[in-house]
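Time to open the notebook on this one. I'm jotting down what I looked up, roughly in the order I went.

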Amino acid sequence: MTKYIIRRIVYMFITLFLIASATFFLMKALPGSPISSASKLPPSQLAVVEAKYGLDQPVPVQYAKYMLNLAKGDLGNSFQFKNASVTDLIMNRLGPSVLIGSQGLILGVAIGILLGMIAALRQNTIWDYGSTLIAIIGISIPSFVFATLLQYWLGVKWGLLPVALWKDGWMSSILPSIALAMGPLATASRFIRTEMIEVISSDYITLAKSKGASGFEIAFKHAFRNALIPLITVLGPLAAGLLTGSLVIEQIFAIPGIGEQFVKAIVSNDFSIIMGTTIFYSVFLIVIIFVVDVLYGIVDPRIRLSGGSK
Amino acid sequence: MEKILEVKDLELSFHTFAGEVKAIRGVNFDLIKGETLAIVGESGSGKSVTTKSIMRLLPEHSSEFKNGHILFNGKDLTKLTDKEMQKIRGKDISMIFQDPMTSLNPTMTIGKQIMEPILKHRNVSKSVAHKEAVDLLRLVGMPKPEARMKQYPHQFSGGQRQRIVIAIALACNPQILIADEPTTALDVTIQAQILELMKDLQKKINTSIIFITHDLGVVANVADRVAVMYGGKIVEIGTVDEIFYNPQHPYTWGLLSSMPSLDTADEKLYAIPGTPPDLLSPPKGDAFALRSDYALKIDLEETPPFFKVSDTHYAATWLLHPDAPQVDPPLAIMERMKKYPGSRYYEGTEGGTY
Amino acid sequence: MSLDIKKIPAESFERVHIDSSQAERITKPSLSFWQDAWLRIRKNKGAIASIFILVFIIIMAFVGPMVSPHDAETQTITHANLPPKVQGLEKLGIFDGVGTLAGKEVDLYEMKKVDTYYWFGTDGLGRDMFSRVWEGTQISLLIAFVAAIIDMVIGVAYGGISGYYGGRVDDIMQRVVEILYGIPTLVIVILMLLVMEPGVTAIIIAITLTGWIGMSRIVRGQVLKFKNQEFVLASRTLGASNGRIISKHILPNILGVIIINTMFTIPTAIFFEAFLSFIGLGLQAPDASLGTLINDGYKLIRFQPHILLYPSIVLSLLMIAFNLLGDGLRDAFDPKMKD
């Protein structure tokens, strides 16, 4: 197990190094100057500004400096917001993104598990079809379409919840969280359904039945845990999906989160924020996948003990 | 001779994608207290389905009782509600499965799994249940039972797991124990250990056993009586000696002939030609006729009834009809019959002529 | 149990000779892999409905712009922001060209003196939404199909080689995949689109850049599973060449998995294209896909909901149909489900 973890950590760093390098060189290859007012400035002044950001130095020197700073956790300064550090810019916007992301994930996974269980235990009934329908719709309808519908009906037409902007505290987070929850909900419910059906038809469930266990005991004492453990493996892809979703959801609901800042930076060519956010996202996802793999080993007794015994 | 279980005219079908599969087509047998009844037959003959239907373990949405009763202590198991059935499963009737590698819950300690039926069916505290579970493990020959209670199934070998499954099955001293090919998935040496264990335990707790197998060697070792199943029906039933030394049904002849044995010098092993019948559209008459060298015209028309051979021995073949021609069974079978008093080929001195 | 049975004529007891080779005859008609799969698919109502929806949408994507009296590019400023109006249906009170203007319900067609019909209405530049939606569908489908096919080809080749040859080749190839797999798709796609000229090709390249990895992992797993199975070993002992083993033994067995996976790649690609267009990284005007149409419509949702509505419906229908069909195919090809 230890050997496995070390190997995984080494790979994590190689991946990160590649991503950081790729990001850097791709940004360098971008057409257009990052300095927003470049076209308006006379060449002499442009040179001064470029020197300030180190843009006048040869690319390898810039690269080395960038990587060194990165190792220290410094993502550089924004071009757009005068001298603001990218690390600070990201950290300042972390709150709303984490709030709607975690709420969406928990809400979606919880309801998804419930729907999946119902579908599996009432297989080929109206319950099953209903839950499958919800899952298919959740997977199929893009989050931005769903978000727009939510905003239009619940917010504009019926006026039940704040439409957008981050002004009403927690209330403002409800609609975006629901919009984000659809993906995890659909994934979790389909996953749990498949797993439960497989578990229910396994020999040890038949044995549990032959002991006289009731339907409830079989579902929750025996099947649930065995179906739930593999769900951990989809948490990685789910997190990636949440990130993708947050870009548009934050945009639609005008939430001052990382995603909204990222999309703005793309539009305004703010290299340092794009690079910084890219690396931030990559670290986040890579760490999640790593944690999920280790967690899986801890939760499943088969892996836990065979790993621990050596 | 107290009957503990009576299966009468049992018919059961599966509703599948391809249509209705008539898996059991009129099965009759009794189980007597304390005996071991072996059910033998090829894969797909309906032997597993019969026992699973006694336990009502078949998927409810796809299986259907078409006819018949399963009487246990006077109660018809086919008519019980799920709740009532749960009270019988694991307490009065329990079951051992074929593959010990998959029949234990991988994420639950074996201690919990053994304690489950004790806590479920008997009004005892957790500590009592724990103590009894340890005793059960000791009973089935598990070394260091205390320490092993906290372990998970993957930490045990196949043979040990089957011992655990047996311990679970015996937890409430059941009146009937159904063993569905309990040794098929095990190594030969482990098979012998498990069989010995089961015989031992049966003496200790005086339970009746239904033993499903396709291994006639195992049958000879454990059974008191044998039922031979073919195509969803019992074709012959009798005591072990009757089935082994005075078989009457051509299918039983075939089964016995295809069993390798050390004392017959025949180099070539007999194989029954053909494949088992398709139970989606079962053949008319005797289902075995199409594979039999002894088929009569009527076999293709009408299903043979049971003909009585002795008080304990019945066979469903038209060959036993008084009008049927005398046929000689295969040589190997005739050799066997020569040793059995009461068979028509008996050569001994006890003078039993048929 | 022995019964007195009705008199049976003696000749019934004549021995008959059964040709035992007859007993080996299999009475059930044997079905090929495809027939079997088709039988299963046919029972799946969702999958069948999906096939019809998809066929309809694909036909409309090509025929739609032609049957509409207006073409997608012509800007008729006087006809801007018209709600949908359809011949025949107008009398029923729906699709009658009535829209809201400054809080009042008015027949905008009458007001603007337009005597023609726009089935899906028009956008802010007076372009016919009907033609635009179907042309957008065309572009979205094109991107999705090309991306899915490229993913499939690269994924199958990479995974197949890695799995079949094994050893060092597999080791190196899998290390590469392990690193690539760690890179979030979203990040790579956005970076690539920033660098490349925006357009259909750029989107396809960006989507396929990491899209093939999933397929390659699945194919490798399947090849590993099959290459050591007895029937492959048997064929090898009989002297079959690698090419024969791959084409006759391994490929037919993993074909189902490849098809299912491709079926799920298509909606993913449709979604990604729409997503990128929505955040402004996708196609640039005047090119339009479903994603850009939705983006345009989103900006006008309060005033002209119909501009958002139709592309959203088509996009959602496409996604639902592809997902349902994928599900149906998975059930049909999955031998575990065979009863």
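My entries on chains, domains, core and a few elements follow.

**Ground rules.** I'm working from a predicted model, where local features need pLDDT of at least 70, side-chain atom pairs count only at pLDDT 80 or more, and totals for chains, interfaces and linings use all residues. Residues are numbered from 1 along each chain as its sequence is written, while chains are lettered from A and ligands numbered from 1 in the order in which they are written.

**Records.** I checked UniProt, whose positions are given in the numbering used here, with feature names shortened and annotations that may be inferred rather than shown by experiment. An unreviewed entry puts "domain: ABC transporter" on residues 5-256 of chain B. I get 38% helix and 28% strand for that span, with its end C-alpha atoms 28 Å apart. For chain A, an unreviewed entry lists "transmembrane region" stretches, including 228-253 and 273-296. Residues 273-296 of chain A come out 100% helix, end C-alpha atoms 34 Å apart. Residues 228-253 of chain A are 73% helix and 0% strand, with 33 Å between the end C-alpha atoms.

**Chain A against chain C.** I counted 35 residues of chain A in contact with 32 of chain C (contact: C-beta atoms, placed from the backbone, within 7 Å). H1(A) gives the most to chain A's side, 9 residues; helices here are DSSP runs (H or I, at least four residues), strands likewise (E, at least two), numbered from the N terminus. That side has 27 nonpolar, 8 polar and no charged residues. Nonpolar means Ala, Val, Leu, Ile, Met, Phe, Trp, Tyr, Cys and Pro; charged means Asp, Glu, Lys and Arg; the others, Gly among them, are polar.

**Domains of chain B.** I have domain 1 (1-92 + 173-353) and domain 2 (106-171), with bounds from an automatic or database domain assignment. Their C-alpha centres lie 32 Å apart. Across the boundary, 14 residues of domain 1 are in contact with 12 of domain 2. Helix H7 (residues 188-205) of chain B brings the largest share of domain 1's side, 6 residues.

I make it 236 residues, with Ile114(B), Ala167(B) and Val228(B) having the most contacts inside. Such a core is a set of buried Ala, Val, Leu, Ile, Met, Phe, Trp, Tyr and Cys residues joined through C-beta atoms within 7 Å. Buried takes 20 or more other C-beta atoms within 10 Å of a residue's own, exposed 12 or fewer, partly exposed in between, with C-beta atoms placed from the backbone. Beyond four places in sequence, the contacts of Val228(B) include Val40(B), Ile234(B) and Tyr251(B).

**S10(B).** Strand S10 (residues 233-239) of chain B has 6 of its 7 residues buried, so it is largely enclosed by the rest of the structure. S9(B) pairs antiparallel with S10(B) over 6 bridges; pairing needs at least two DSSP bridges. Tyr230(B) bridges to Lys233(B), and in the hairpin Gly231(B) has a positive phi near 55°. S10(B) also has 2 bridges to the antiparallel S12(B), where Glu236(B) partners Ala315(B).

**H9(A).** I found 7 of the 8 residues of helix H9 (residues 203-210) of chain A buried, so this helix is largely enclosed too. Lys209(A) is one of the buried residues. The cover includes H8 and H10 of chain A plus H1, S6 and H6 of chain B. Just after H9(A), Gly212(A) takes a positive phi of about 100°.

Methods. Contact = placed C-beta atoms within 7 Å.
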